[in-house]
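Biologist: I am new to this structure. Please take me through the terms and what they rest on.

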Amino acid sequence: MVGLLISKEILKSYYQMFTMQRSIRRLLLLWLVLPFSITCRPLLALDASLLTDTATRVTVRIEGATQGSGVIVRKKGNSYSLLTAYHVISANKIGEEVVAITHDGNNHHLYLDEMQRIGNTDLALIHFNSNGIYTVAEL
């Protein structure tokens with residue numbers, strides 16, 4: 001009978017130690033995870049804000065016979081290349097005025113004679129020149 005009582009006491013002691021260790025593990029985990037959950041939220045907001053700002057800077061409005069938008073994808077010297085939908089610029093004839101309006105409100109003449117359709121898709125590259133400095137989308 002004494003052996004059985006010792007065994008119950010030992011088991012009870014082990015159980016208490018195990019539950020205490022489990023509580024300590026929970027506290028340790030909470031202590032490790034809590035700072036990340038607090039600091040990650042503002043970082044995600046900052047990243048979303050940065051993404052919105054970048055998207056605004058690389059996007060242009062295209063106005064001509066049809067209207068649409070494009071994205072600045074390349075810069076070589078003072079020449080910028082826009083990726084846009086082919087149908088946005090295909091309705092325009094060479095010699096017609098077609099402009100890209102950048103985020104700063106400046107109008108830039110698009111060179112329709114240099115337009116390049118990309119394969120058999122509804123995508124095209126078109127160019128404008130500017131001495132301004134514009135952000136190029138990273139693809």
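Modeller: A nonpolar core is a set of buried Ala, Val, Leu, Ile, Met, Phe, Trp, Tyr and Cys residues joined through side-chain atoms within 4.5 Å. Buried means under 20% relative accessible area, exposed over 50%, and partly exposed in between (1.4 Å probe, protein chains only). This is a predicted model, in which local features need pLDDT of at least 70 and side-chain atom pairs count only at pLDDT 80 or more, while totals for chains, interfaces and linings use all residues. Residues are numbered from 1 along each chain as its sequence is written, and side-chain values use heavy atoms, with hydrogens and water left out.

Biologist: Which residues of the largest nonpolar core touch the most other members?

Modeller: The largest core has 16 residues, and Ile 62, Ile 72, Leu 82, Ile 89, Leu 110 and Phe 128 touch the most other members. At least two residues of this core come from each of β1 (59-63), β3, α2 (86-90) and β7.

Biologist: What does Ile 89 touch, leaving out residues up to four places away in sequence?

Modeller: Contact means heavy atoms within 4.5 Å. By that rule Ile 89 touches Ile 62, Thr 66, Thr 84, Leu 112, Met 115, Ala 124 and Ile 126.

Biologist: How many helices and strands does the protein have?

Modeller: There are two helices and seven strands, in the order α-β-β-β-α-β-β-β-β from the N terminus. Helices (H or I, at least four residues) and strands (E, at least two) are DSSP runs, numbered from the N terminus.

Biologist: Why are β6 and β7 called paired?

Modeller: Two strands pair if DSSP finds at least two bridges between them. β6 and β7 have two bridges, in the antiparallel sense, so they meet the cut-off. In one of these bridges, Arg 117 has Ala 124 of β7 as its partner. The two strands form a hairpin with five residues between them, and Gly 119 in the turn has a positive phi of about 60°.

Biologist: What makes β5 and β6 edge strands?

Modeller: The seven strands form an open sheet in the order β5-β4-β1-β2-β3-β7-β6. β5 (107-109) and β6 (116-117) each pair on one side only. By contrast, β3 (residues 79-85) pairs with β2 (residues 67-76) over six bridges and with β7 over seven bridges. Ile 72 is bridged to Leu 82 of β3, and Leu 83 to Leu 125 of β7.

Biologist: Why is β7 called mostly covered?

Modeller: Five of the seven residues of β7 (residues 123-129) are buried, so they fall under the 20% limit. Of the 139 residues of the protein, 22% count as buried.
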